[in-house]
Amino acid sequence: MLQCSMNVDHYFDWAATSPQDADILKESLQISIEHFANPSSSHKAGSDARLVLENARALCAHSLGTKPSQLFFTSGGTESDALPLLSVLAGERKSGRIIISGVEHPAVRAQCDMLKKRGFDICTVNPDKNGFVDSQSIADKITPDTLMVSVMAVNNETGCIQPVRAIAEQIARASGGKRKAHFHVDCVQAAGKIPLCITEMGADSAAFSAHKISGPRGIGLLYLSEPGRFRPFLVGGGQEQNVRSGTENLFGAVALSKCLEKYAFCTETERFLEQRSWTADFIASLLSIPNCRLVPPLRADLSRNVQELFSPWIVQAAFLGIPGQVMVRALDAKGFCISTGSACSAKKQSRPILKAMSAPPEIQDSAVRFSFGAFTTKNGMDELLGAVKEVCSQFIG
């Protein structure tokens with residue numbers, strides 16, 4: 001099924017990127033080879049390619065519970081996060097407040113750093129010690145000049161599922177009947193991982209990426225609840241209803257649609273429930289290791305009502321006395337892939353998300369992330385636990 005240079009059973013860095021579904025990619029590539037014409041061309045070959053593209057969009061919409069007219073293909077999650085943020089530069093107001101959570105991905109944080117230099121007031125709302133952003137704390141920061149609020153659906157390091165619906169409701173109430181701030185949600189770690197219906201989130205825009213759900217790199221989606229109100233800062237040939245110009249990536253669009261159809265899990269699916277059970281067992285075993293601390297600490301509570309607050313596909317833990325990078329290298333030497341957090345920040349020593357959670361320095365230094373996916377097996381997770389215990393015994397004694 002998969003041709004990979006390593007044992008996929010020992011790959012536990014799915015939150016960074018996922019092993020690709022070879023069957024879907026081969027089928028999608030063949031379709032794009034057959035329909036090689038530019039989807040924007042007016043001849044029959046172009047029209048045929050356009051039909052394939054729109055069928056892919058419709059399939060994505062069906063999987064995400066929205067309308068095809070509300071979805072726009074992009075180059076990935078980073079661009080889908082950037083487009084709504086950059087749209088403020090095309091607006092009539094050249095300054096104003098943008099509120100983001102302290103646990104956002106670098107795709108949002110770095111873009112906001114740039115906007116701050118352009119004169120926008122960037123207000124960061126930090127989470128509690130368990131990584132959750134309080135909806136009232138967001139509402140308290142909303143001012144009459146607030147243009148946008150950005151809070152991710154599932155954190156890429158802790159697995160915390162943020163209360164995006166409650167946040168959307170607070171934003172609407174805080175607007176006092178006036179035009180409310182635009183609410184953007186990064187759904188990159190949510191789609192295909194937790195039950196998700198965009199229209200029920202209350203978001204004005206949302207970002208998605210194919211390579212987190214066994215699709216190819218370089219293709220993503222932007223959801224807009226009201227496309228007609230979107231003002232693009234980046235312009236060009238007018239593709240994707242002027243929201244995202246550039247010749248469309250037909251191969252990527254088809255592959256993304258097929259991956260969403262195949263991997264858009266819901267609570268009733270056997271694989272989702274299976275992973276929830278495996279992850280609970282995994283956490284229980286980690287807690288038996290003397291120097292292990294779950295991050296956030298609430299994750300150590302194995303009651304179902306608590307575990308449902310987290311994605312079962314991500315677990316973060318700190319092994320006191322073992323720096324995170326040392327644990328990553330030690331497990332890599334044993335044939336296991338894990339990480340210390342976002343691959344986009346892998347070369348940086350700081351841990352901004354853990355810092356925002358007020359995690360102690362020793363936790364920030366030693367925390368690592370285990371992330372799982374569709375091809376993860378219980379046997380592989382058991383072997384990972386064995387390797388973690390071996391490393392701990394070697395370093396702690």
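**Note on salt bridges and cores**

1. In this predicted model, Lys 262 and Asp 21 form a salt bridge through their side chains, with N and O 2.8 Å apart. The two residues come from distant parts of the chain, 241 residues apart: Lys 262 belongs to helix H8, while Asp 21 sits in the segment before helix H1 (22–34). Lys 262 is partly exposed because its relative accessibility is 46%, a value between the 20% and 50% limits. Asp 21, at 3%, is buried.

2. A second salt bridge joins Arg 351 to Glu 157, whose closest N and O atoms are 3.1 Å apart. Arg 351 is in the loop between helices H11 (324–333) and H12 (352–356), and Glu 157 is in the loop between strand S4 (146–150) and helix H6 (164–174), so the bridge ties together parts 194 residues apart in sequence. Both Arg 351 and Glu 157 are buried.

3. Arg 304 and Glu 308 also meet in a salt bridge, at 2.6 Å from N to O. Here Arg 304 is exposed, with a relative accessible area of 57%, and Glu 308 is partly exposed, at 36%. Elsewhere, shared partners link Arg 50, Glu 54, Arg 57, Glu 240 and Glu 248 into one network of salt bridges. The whole structure has 19 salt bridges.

4. The largest nonpolar core contains 97 residues, and Phe 183, Phe 208 and Leu 286 are among those with the most contacts inside it. Helix H8 (residues 250–263) contributes the most to this core, with eight residues. Another core, of 14 residues, lies apart from it and includes Val 88, Ile 100, Leu 115 and Leu 147.

5. Beyond its neighbours within four places in sequence, Phe 208 has contacts including Leu 64, Gly 76, Cys 187, Ile 198 and Tyr 223.

Notes:
Residues numbered from 1 in each chain as written. Predicted model: local features only at pLDDT ≥ 70, side-chain atom pairs only at ≥ 80, totals over all residues. Heavy atoms only, no water. Core = buried A, V, L, I, M, F, W, Y, C linked by side-chain atoms within 4.5 Å. Buried < 20%, exposed > 50% of the residue type's maximum accessible area, 1.4 Å probe, protein only. Helix = DSSP H or I, 4+ residues; strand = E, 2+ residues; numbered from the N terminus. Contact = heavy atoms within 4.5 Å. Salt bridge = Lys/Arg side-chain N within 4 Å of Asp/Glu carboxyl O.
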